[in-house]
Amino acid sequence: MPEIRISQSAIQNQPSPGEGRPPARAAVSEASAIRAFLLSRGNSAVTDRGFHWLMVICALSIFAIVILIATELVERSHLAWTQFGFKFFFQAFVDPDTKLPMYWDPVNGHFSALPFVFGTLVSSFLALLLAVPLAIGVAVFLTEMCPGFLRAPLAFVTELLAAIPSVIYGMWAVFVLVPLLREHVNPLLIGVLGWTGFFKDDNPTGLGFVAAGVILAIMILPIISSLTREVMNAVPGSQREAVLALGATRWEMIRVGVLRNARIGIVGAIILGLGRALGETMAVTMVIGNTPQIQKSLLSNGASMASVIANEYAEASGNLHLSALTEIGLALFIVTIIVNALARLLVWAVTRGAPAQVH
């Protein structure tokens, strides 16, 4: 049997079991330093408890603010609620001589919010009709088709529209949009669709529901587009790959694999844009015409719930007038909260559990 010899150098070069590991004394010293630092601070239970309750107060303050606003609106609209009740929103005083409805007559004490509800709904509907297709198209392009170098600048410019103050939109609409509608768009609508009765040549100023709807569409477009992109990004990539693997085209992949899975969140984004359109004040006040009447033509002047408050609240002629305006504000407050809560719920139903993405 051959003899096996191990050289002394190999034994000396073999690393010992404890070599390469941090010394135990160093670990103990490090732990002792951390412990000494923690002990030097003293007892932090009082600080932690104070921080906890400070955060709780900050969170509860949001509910307190909402409750205080609602309480103040209810209290100041009590006179109008007592005199008109719910008829305030759907019934108007009829002049016995002319047999015509008198919706808003502060001199004689006749108040009805019906024309303002009508104006708010019509202008908001027109805004959604114009903004939704464009916003979804922008979101689809940015998410599925946009080149990488263009995605960030285009998304930034789109979201920048939401940062522009509404009074700037109103000024731009007065000096640019309204003349454009009056000289070019409205005559075209009258010539093509005048037979429907919705576009009559009875308002040469260019103000009215169409102008309000267009400016609202521009204002709510970045909201709908941004949330739609967020919802579409939450759709798993496996959905896209599966549809493409079955031989679908890009359009079929977007329609079946993305839009169909994100439809609930897209509806939520649209409703959130509707909530913004319902409560918009200054831009609408500057272009809607501010006439408390209900007319079939979309080119005629009108008024919204927010615009009548902005126009008349500071110059209310009496307690009943002031209370009626506050009641309109209370109704707008409640509707806006409900619409926004529903929209957030729908968006959350799609995006929950999805990881945040940076663009």
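## Basis

The model is predicted: local features need pLDDT of at least 70, side-chain atom pairs count only at pLDDT 80 or more, and totals for chains, interfaces and linings use all residues. Residues are numbered from 1 along each chain as its sequence is written, and side-chain values use heavy atoms, with hydrogens and water left out.

## Overall fold

The chain has 14 helices and four strands. These are DSSP runs numbered from the N terminus: helices are H or I with at least four residues, strands are E with at least two. Of the 359 residues, 36% are buried. Buried means under 20% relative accessible area, exposed over 50%, and partly exposed in between (1.4 Å probe, protein chains only).

Take contacts between residues at least 6 apart in sequence: 77% of them join residues at least 24 apart. A contact here is a pair of heavy atoms within 4.5 Å. The chain exposes about 21400 Å², and carbon and sulfur atoms supply 67% of that area. Areas come from the Shrake-Rupley method with a 1.4 Å probe; for residues, only the protein chains shown count as cover.

## Aromatic cluster

The whole structure holds eight aromatic pairs. The ring centres of Trp81 and Phe89 are 6.1 Å apart with planes at 55°, so this pair is tilted. Phe88 and Phe89 have centres 5.2 Å apart and planes at 85°, so they are edge-to-face. Rings of Phe, Tyr and Trp (its six-membered ring) pair if their centres lie within 6.5 Å; planes under 30 degrees apart are stacked, over 60 edge-to-face, and the rest tilted.

Phe88 and Phe89 are both buried. Phe89 has a relative accessible area of 18%. Trp81, at 26%, counts as partly exposed. One aromatic cluster takes in Trp81, Phe84, Phe86, Phe88, Phe89, Trp104, Phe111 and Phe116.

## Charge over a ring

Lys296 lies over the face of Phe198, 5.2 Å from the ring centre. The test requires NZ of Lys or CZ of Arg within 6 Å of the ring centre and within 35 degrees of the ring normal.

## Nonpolar patch

Leu60, Ile62, Phe63, Ile65, Val66, Ile67, Ile69 and Ile337 make a nonpolar surface patch of about 750 Å². Patch residues have over 30% relative accessible area and no salt bridge; nonpolar side chains (Val, Leu, Ile, Met, Phe, Trp, Tyr) are joined within 5 Å, like charges within 9 Å. A salt bridge is a side-chain nitrogen of Lys or Arg within 4 Å of a carboxyl oxygen of Asp or Glu.

Helix 3 (residues 45-76) gives the most to the patch, with seven residues. Ile69 is found in helix 3. Its relative accessibility is 38%, so Ile69 counts as partly exposed.
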